[in-house]
Amino acid sequence: MVRQAAMGSTDLDPARVPALIRESFALVGGESGSSGNSDNSDKPDKIVSYFYALVFTECPALRDMFPPMMDAQRDRLFQALVRIVGQAEHPDSLVAYLRELGRDHRKYGAQPEHYDVVWRCLISALKHYAGAAWTPDMDAAWLAAYQLIAGTMMEAAEQDAQLAPAWWTARVVRHELRTPDIAVLTLQPDSPYEFRAGQYLSLETQRWPRVWRHFSIANAPRSDNTLTLHVRAIPAGWVSTALVNHTRVGDVVRLGPPSGTMLCTTTSMRDLLCIAGGTGLAPIKAMVEDMAKWNTTRQVRLFYGARHDDELYDLAALEHLAYRRRWLSVVSAVSHDPHFPGERGMLPDVVARHGEFFEHWAGHDVYVSGSVAMVRATIARLQELNIPLASIRFDAYGGMDGLWQPGAGQGVPMPPSAPAGPGTAGEGRTEGVGHANGAGVSTAGSWAAQGAWRRDNGWRAGVAGQVGAARTLDEWLVSQTS
Ligand SMILES: NC(=O)C1=CN([C@@H]2O[C@H](COP(=O)(O)OP(=O)(O)OC[C@H]3O[C@@H](n4cnc5c(N)ncnc54)[C@H](O)[C@@H]3O)[C@@H](O)[C@H]2O)C=CC1
């Protein structure tokens with residue numbers, strides 16, 4: 001019965017799935033994002049802790065895939081749920097994200113049977129905290145959702161396994177301390193690492209096994225296969241501190257697959273406005289380096305901001321590139337030194353000031369990269385300058401997910417109260433959540449349509465097939481646990 005509901009039978013009208021998912025998520029406090037003042041405010045933390053306790057009880061071997069400290073992991077799972085619930089009306093918009101998540105989970109050693117464990121524990125945890133208000137229709141709605149989630153992830157992982165390793169080892173071949181807090185590292189992966197300029201990767205150090213953090217690749221693809229990362233050591237940031245302060249040439253790290261869609265489109269003829277705050281420069285630098293291989297006509301205005309001038313750690317390289325490529329101009333700005341003789345101010349203000357001279361900011365393709373706060377403030381200011389959202393791309397991670405809701409172009413900024421990613425800002429990106437940019441959101445999808453798409457394309461195995469044999473979710477749960 002439940003499977004039929006997901007596939008569009010009369011048992012559960014598929015059109016009700018998004019509303020049911022939202023309602024049920026609200027029951028466990030999910031509607032407030034993470035913390036709020038309602039009675040539900042601490043439920044998200046509790047539910048995710050409870051979920052992991054169930055997972056590790058049922059399958060103790062899974063504990064070895066996770067880091068000793070689970071705080072960031074808990075946060076990421078909740079953010080992923082928020083994202084899925086937030087886009088429940090548009091499951092087709094989740095497919096690319098879920099495929100990336102599936103590929104990325106190969107590095108943890110995730111197997112198809114693990115998805116079953118996760119499903120049982122997730123639904124048990126949701127029901128436990130929702131209490132009596134939980135209804136059988138909510139079971140069916142979540143099952144429909146999970147069928148898409150797990151099926152898409154497993155399929156992507158399986159396909160990726162034919163093409164690429166689950167992870168790469170890479171040796172540090174260069175380590176430059178540009179400031180006491182910022183290092184530029186060059187890595188030599190052990191086998192070909194294919195990526196596109198503007199993408200990011202996840203990285204694990206030997207010092208902190210199983211703790212993965214995201215960093216943008218700061219270079220265009222090179223013939224020698226090396227990768228450069230820009231890393232700022234964050235106080236109490238395990239991986240970033242290890243990379244900046246405790247990593248030496250010859251050390252080995254592990255890399256996950258490249259992700260992200262903040263790519264420079266070669267088909268557009270428009271000039272570029274690039275805005276980079278601090279180490280957020282990394283993906284922008286990669287794009288500019290890439291453009292140096294093929295661009296001749298498009299003007300690129302790059303605004304590069306730091307708090308103090310000694311933190312403009314890559315300015316010399318940018319100016320050198322601008323000298324050789326006349327289509328590139330770089331404006332550097334310092335925000336926290338009132339005596340700095342050059343351009344002063346926060347990046348959005350500096351960009352707005354220069355817009356007076358460039359009446360055509362609105363005609364530019366815009367790329368923004370930096371902290372969550374910087375990206376939010378910059379997008380808000382760009383909107384004041386009548387720059388259409390559809391022309392703005394940003395490198396979003398973790399906490400940026402809450403910035404977007406389906407609807408227009410690249411997305412629609414939400415109020416600042418939208419969920420941010422506590423505890424991980426500054427450590428690159430939040431693991432397991434990925435980007436929120438891309439080519440807009442289609443409104444054509446539905447859970448039913450996605451189910452049909454899966455079926456037509458031979459969606460098989462895993463949760464979908466197994467649950468299908470049971471008549472109700474509870475029946476299936478009993479059959480799985482007995
Ligand atoms: N390492 C990497 O590969 C990447 C890092 N990032 C993120 O970039 C950020 C870089 O941080 P930091 O180097 O510490 O730079 P930062 O926080 O010192 O900011 C640099 C500049 O950005 C602007 N800015 C910062 N906060 C702002 C706000 N609230 N409103 C308006 N403008 C603001 C200011 O002009 C400031 O001088 C981190 O959050 C990091 O996670 C993003 C992409 C890639």
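How many residues of domain 2 are in contact with how many residues of domain 3? The count is 16 residues of domain 2 against 14 of domain 3, where contact means that the C-beta atoms of two residues, placed from the backbone, lie within 7 Å.

Before I go on, a word on the model. This is a predicted model, in which local features need pLDDT of at least 70 and side-chain atom pairs count only at pLDDT 80 or more, while totals for chains, interfaces and linings use all residues. Residues are numbered from 1 along each chain as its sequence is written.

The overall layout, then. The protein has 482 residues, and 48% of them count as buried. Buried means 20 or more other C-beta atoms within 10 Å of the residue's own, exposed means 12 or fewer, and partly exposed is in between, with C-beta atoms placed from the backbone. There are 15 helices and 11 strands; these are DSSP runs, helices being H or I of at least four residues and strands E of at least two, numbered from the N terminus. The domain assignment gives domain 1 (2-163 + 442-481), domain 2 (168-255) and domain 3 (272-394). Such bounds come from an automatic or database assignment.

Back to domains 2 and 3. Their C-alpha centres lie 24 Å apart. On the side of domain 2 that touches domain 3, β4 and β5 each supply at least two residues.

Now the ligand. Where does it lie relative to domain 2 and domain 3? Both domains give residues to the shell around the ligand, so it lies between them. There are 28 residues around the ligand, and Gly 277, Gly 278, Gly 305, Ser 371 and Ala 373 come nearest; a residue counts as near if its C-beta atom, placed from the backbone, lies within 6 Å. Elements that each supply at least two residues of this shell include β4 (212-216), β5 (227-232) and α9 (281-294). The shell is made up of 12 nonpolar, 13 polar and three charged residues.

Next, the packing. A nonpolar core is a set of buried Ala, Val, Leu, Ile, Met, Phe, Trp, Tyr and Cys residues joined through C-beta atoms within 7 Å. The largest one has 69 residues, of which Leu 229, Cys 274, Leu 302 and Phe 303 touch the most other members. Helix α9 gives the most to this core, with seven residues. At least three residues come from each of domain 2 and domain 3. Leaving aside neighbours within four places in sequence, the contacts of Leu 302 include Cys 274, Ala 276, Ile 284 and Val 288. A second, separate core has 45 residues, among them Ala 80, Ala 88, Leu 122 and Met 154.

His 128 is found in α6 (residues 112-130). Is His 128 buried or partly exposed? With 15 other C-beta atoms within 10 Å, His 128 is partly exposed. The C-alpha atoms of His 128 and Tyr 50 are separated by 9.2 Å, although the two are 78 residues apart along the chain.

Definitions and conventions:
Ala, Val, Leu, Ile, Met, Phe, Trp, Tyr, Cys and Pro count as nonpolar, Asp, Glu, Lys and Arg as charged, and the others, Gly among them, as polar.
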